Amino acid sequence: MDRCPGRRPGPLSPPLPPAGAGRGTSRRSAGTLVRGALLSLAFVCFTVSSAAPTGAASRQQPAAPGVDAAREAESTAAGHERQDSAAAVNSAAAIPAPPPAASGPLVARDARLAGDAQRTRLVIDLDRAVEFRVFILANPYRVVLDLPDVQFALKPDVATRRRGLVSALRFGVFAPGKARMVLEATGPVAVDRAYVLDATADEPARLVIDLVASDAETVARAATATPPAAPSPARPAAAADGDDRPVIVLDPGHGGIDSGTTGYSAFTEKTIVLETALALREKLEKSGAYRVVMTRSTDTFVALGERVRIARANRAALFVSLHADALARGDGKATGASVYTLSETASDADAARLAESENKADLIAGVDLSDESDAVAGILVELAHRETRAFSSLFARTLVGAMKTEIRTHRSPLKSAGFRVLRAHDVPSVLVELGYMSSPEDRKQLTSEAWRERLAGAAARAIDAFFAARGLNRTAPAAPESPAAIVSR
Ligand SMILES: [Zn+2]
């Protein structure tokens, strides 16, 4: 318990104003707060410790320097405060359901940042008060705010807001019934205070988080505690007895809090790849030849490792991950679809850049990766069975051949790199980049239903040919085209 950092007020703690009456915590002593929090997950120590001194002593919060007058109200609405950060942290192990009085989905309507590089405040306007938990991750520094089933109805520009200690902000579904907001920090930060204010006649309910600049050592000490694990969505049901059809796992990339790339447009990669995967699923299921499993079929986050686990748990005969690429402005005008397989060394610099970017999905969603030991692509490839790699390559070639007849492909469409999502050593796996969101022509295609149909048709044809070549296509119509015939077109 004593390794719980900062139980005493540290130099970063603001001076304590005189005690006030807060109905959220007035029944608890500081000792109760700290003891209660220490009983829950170790990682919460960090937040509790920084919050306990002020949380226990006062309902008045010092305003962040630079916070404008309108926002002052958020720091001095003492009588309306519903809970302070210590209370919030006490709920860290499990976020309770909203109070019984609540009805309908909880909606977040605005989010604002105020302050400077020493002290930055985040304020979220909500329909009503909410339970929450907040914690810090390092490498890179992030502030993660977990909420129950909150719907984000925020203005589109909210995600691009940056101020003080916050350089970027993301939000969305993290797991069924769980929402998350991730603030990218400019450096080491600590949560000084976090609390919810009830709605008043003039103001909606607000969730307020005060961040203060910290140092790497303090954050690292806190990070030795265990952060919450990535969500594990319910596993798809195992095959029914006697169903020996090949299992195809379709993996629409990103989702929920992780939007993927936008290519400077209003479209998000997560939506485009989900719609494409659903079209392909429909086509494959219609044939009756396969059992199709989706790693996600809604707008929710799924960790990279979980996608691989879904493929392996279902004994997939093929894993197809769908993504869309984007180049930074001024980085050329590439267009067209590409198919990637796993390799120790990237086939070119572009493939290396892409794999690095796609591998960041978990980090973007605020998942702690410090215990991931298999990040080195070389280890992954050694683990992959020679046969799996050969089948992955065969399917990649087959797919490119089929796609070339239907949609625009990249000028060198077969590539390889160290994608984490392709690491199942016993499941032939490919990752398809459907096109470039940064290209206006590609974007037009990617968002068109007709294009999706053509792509799904080509992919289904390639899948038929692939399984026919392996002698696994048991119920598909006789004599599908051979992979060689498609590739040679
Ligand atoms: Zn992607």
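**Core, helix packing and backbone features of a predicted model**

R315 counts as partly exposed, with 13 C-beta neighbours inside 10 Å. A residue is buried if 20 or more other C-beta atoms lie within 10 Å of its own, exposed if 12 or fewer, and partly exposed in between, with C-beta atoms placed from the backbone. The model is predicted; local features need pLDDT of at least 70, side-chain atom pairs count only at pLDDT 80 or more, and totals for chains, interfaces and linings use all residues. Residues are numbered from 1 along each chain as its sequence is written.

R315 has a positive phi of about 50 degrees, although R315 is not a glycine. The residue sits in the loop between α7 and β13, just after α7. Helices (H or I, at least four residues) and strands (E, at least two) are DSSP runs, numbered from the N terminus. Helix α7 covers residues 304-313, and its buried residues are L304, E306, R307, V308, I310 and A311. Several elements cover these residues, including β11 (247-252), β12 (291-294), β13 (318-325) and α9 (361-364).

The chain as a whole was considered next. It has 14 helices and 16 strands. Of its 489 residues, 51% count as buried. Two residues are in contact if their C-beta atoms, placed from the backbone, lie within 7 Å. Among contacts with a separation of 6 or more, 79% join residues 24 or more positions apart.

A nonpolar core is a set of buried Ala, Val, Leu, Ile, Met, Phe, Trp, Tyr and Cys residues joined through C-beta atoms within 7 Å. The largest such core holds 120 residues, and V143, I248, L399 and A459 touch the most other members. Helix α13 (residues 449-470) gives the most to this core, with 11 residues. At least three core residues come from each of domain 1 (30-219) and domain 2 (247-487). These domain bounds come from an automatic or database domain assignment. V143 touches V134, I136, L183, A185, V189, V191 and L211, leaving aside residues up to four places away in sequence.

Two helices that pack on α13 were examined. Axes are lines fitted to C-alpha atoms, for helices over the stretch in contact, and angles run from 0 to 180 degrees between N-to-C directions. Helix α6 (residues 269-287) packs with α13 at about 50 degrees, and the axes are 9 Å apart. That makes α6 oblique to α13. Angles under 35 degrees count as roughly parallel, over 145 as roughly antiparallel, 65 to 115 as roughly perpendicular and the rest as oblique. The crossing of α6 past α13 is right-handed. A crossing is right-handed if the near helix is turned clockwise from the far one by less than a right angle, and left-handed if anticlockwise. On the α6 side, the contact is made by E275, T276, A279, L280, K283, L284 and S287. On the α13 side, R452, E453, L455, A456, G457, A459, A460 and I463 take part.

Helix α11 (residues 386-404) also meets α13. Their axes come within 8 Å and cross at roughly 140 degrees. The two helices are therefore oblique to each other. α11 passes α13 in a right-handed crossing. From α11, the residues involved are L394, F395, T398, L399, A402 and M403. They meet L455, A458, A459, R461, A462, A465 and F466 of α13.

Further backbone features lie in loops. The peptide bond from N139 to P140 is cis, with omega near -10 degrees. P140 is in the loop between β4 (133-137) and β5 (142-147). H254 is not a glycine, yet has a positive phi of about 60 degrees. The loop that holds H254 runs between β11 and α6. H254 is buried, with 28 other C-beta atoms within 10 Å.

F171 lies in strand β7 (residues 166-175). F171 counts as buried, with 23 C-beta neighbours inside 10 Å. Apart from residues up to four places away in sequence, F171 touches F152, L154, R180, M181 and I257. F171 and V182 are 11 residues apart in sequence, and their C-alpha atoms are 6.3 Å apart. V196 lies in strand β9 (residues 189-197). With 24 C-beta neighbours inside 10 Å, V196 counts as buried. V196 and R128 are 68 residues apart along the chain, and 9.3 Å separates their C-alpha atoms.
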